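Please consult the sequence and the model below before reading the notes.

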Amino acid sequence: MTPAARVQTAIELLDEIIAGTPAEKALTGWARRARFAGSKDRAAVRDHVYDVLRQRRLASELGGGLTGRRLMIGLLRAQGADPSDLFTGPPYAPAPLEAGELEAGTASGQPDLPDWIVPPMQEALGADFEGNAQAMRARAPVFLRVNLRKASPEKAFGALQEDGIIAETSEISDTALLVTEGQRKINNSRAYREGLVELQDASNQAAVQALDLQDGCKVLDYCAGGGGKVLAMAGRCKGSFFAHDANHGRMRDLPDRAKRAGAKVRTLRTNDIPGQGPYDLVFCDVPCSGSGTWRRTPDAKWRFEKRDLDELNRVQFDILSEAAAHVANEGRLAYATCSLLRAENHDVVDRFLAANPEWSVSFEKQWTLLDGCDGFFLTILSR
């Protein structure tokens, strides 16, 4: 595909997404239909789509509208390119610019966020709001987690370099490697195939490191999802590890991932949890807005509404309350989100403490995009 054809494809996909199709579904559907597109073509189209979604407001202002065509015009201008060089007409390129498209619009300077969420995010982040909002317009860094069961950071470095992947250590976590070259080679690399490394943001790794796990512990990951965090825990100590998710199907790949990592993790259905408990640690990475990860899923921020936040707050409190019942007397309860919003973080914990005064906070930390990672919140409770 020519660069112009990639732009035209991105325009068509953006129109689908604006009409309501989730970005991943639109991109996956196109990739299946477009057998002619090579891996570089698919990557370039994906980059165009996600770059627009990260800065949709700016692109619409510079391009003069909220259609796929206008958004791509605006994105190219934001990137310092002249859209006329690519809008050259059929058969594969977008039609030439019309009179109303020749002049760039004016950027308002407003953040690339839904208007309603700006005040609560400003309240949560304070002086750091502007920096975080600006960072949301850029692509997220790619981090790997060194699996300490199988490798030291030095061994992982060497294995990655064999496949042309360059990484550097991170101050955020002692297991985190920031990939600076060869990101798209990771899944086929020996280091990944053999379980020396896993893809995982540094904030998640830092949160697991903060748990200070000891050998012999019994751990329940109560909202395990794909299992990345329970595998990170299992990589740090010898213990008994259990994973649960309300949607058991989300954990379907966990046994294979655990085998590759050299770890043993038992998956549990809800009715099985009491029979294996109580647990020294119950970790709850609860469903949330994902506002700390909106660089990775930027279409989510444009679909997120106030009623979604209200419903999530109810679910978050309920999960924390349910999980507390499975903690051993001298055990710990961890509450985590990948959200930047106080309503999903401190407010939920405060509500839980008011209802359960025997519990208290022993550790609390908020990571933001200004730390060089995704946004993440962790509170550790004890009684």
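Does R314 count as buried, partly exposed or exposed? R314 counts as partly exposed because its relative accessibility is 42%, where buried means under 20% relative accessible area, exposed over 50% and partly exposed in between, with a 1.4 Å probe and protein chains only. This is a predicted model, in which local features need pLDDT of at least 70 and side-chain atom pairs count only at pLDDT 80 or more, while totals for chains, interfaces and linings use all residues. Residues are numbered from 1 along each chain as its sequence is written, and side-chain values use heavy atoms, with hydrogens and water left out.

**The open sheet**

- Seven strands make up an open sheet with mixed pairing, in the order β7-β6-β5-β8-β9-β11-β10; helices (H or I, at least four residues) and strands (E, at least two) are DSSP runs numbered from the N terminus.
- The edges are β7 (265-268) and β10 (360-367), each of which pairs on one side only; two strands pair if DSSP finds at least two bridges between them.
- From one strand to the next, the twist averages 20 degrees.
- Strand β5 (residues 217-221) is mostly covered, with four of its five residues buried.
- β5 and strand β6 (residues 239-244) run parallel and are joined by five bridges; L220 has F242 in β6 as its bridge partner.
- Strand β9 (residues 327-337) pairs with strand β11 (residues 376-382) in the antiparallel sense over six bridges, and Y335 stands opposite T379 in β11.

**Helices on the sheet**

- Helix α16 (residues 346-355) packs on the sheet and touches β9, β10 and β11; its direction makes about 15 degrees with that of β11.
- Helix α15 lies across β8, β9 and β11 and runs at about 160 degrees to β9; contact means heavy atoms within 4.5 Å.
- R314 has its place in α15 (residues 306-324).
- The C-alpha atoms of R314 and V348 are 8.9 Å apart in space, and the two residues are 34 residues apart in sequence.

**The β2-β3 hairpin**

- Strand β2 (residues 166-169) and strand β3 (residues 176-181) pair over four bridges in the antiparallel sense.
- These two strands, β2 and β3, form a hairpin with six residues between them.
- The bridge partner of E168 is L178 in β3.

**Packing of α2 and α3**

- The axes of helix α2 (residues 23-33) and helix α3 (residues 39-54) come within 11 Å and cross at roughly 160 degrees; axes are lines fitted to C-alpha atoms, for helices over the stretch in contact, and angles run from 0 to 180 degrees between N-to-C directions.
- That angle makes α2 roughly antiparallel to α3, a class that covers angles over 145 degrees, whereas under 35 counts as roughly parallel, 65 to 115 as roughly perpendicular and the rest as oblique.
- On the α2 side, A23, E24, L27, W30 and A31 meet α3 residues D41, R42, V45, R46, V49, Y50 and L53.
- The residues of this contact divide into eight nonpolar, no polar and four charged; Ala, Val, Leu, Ile, Met, Phe, Trp, Tyr, Cys and Pro count as nonpolar, Asp, Glu, Lys and Arg as charged, and the others, Gly among them, as polar.

**Backbone exceptions**

- Most residues other than glycine have a negative phi, and most peptide bonds are trans.
- The P90 to P91 peptide bond is cis, with omega near 15 degrees; P91 has its place in the loop between α5 (68-78) and α6 (118-125).
- The G277 to P278 peptide bond is also cis, with omega near 0 degrees, and P278 is found in the loop between α13 (273-276) and β8 (279-285).
- D212, in the loop between α10 (202-210) and β5, has a positive phi near 50 degrees although the residue is not glycine.
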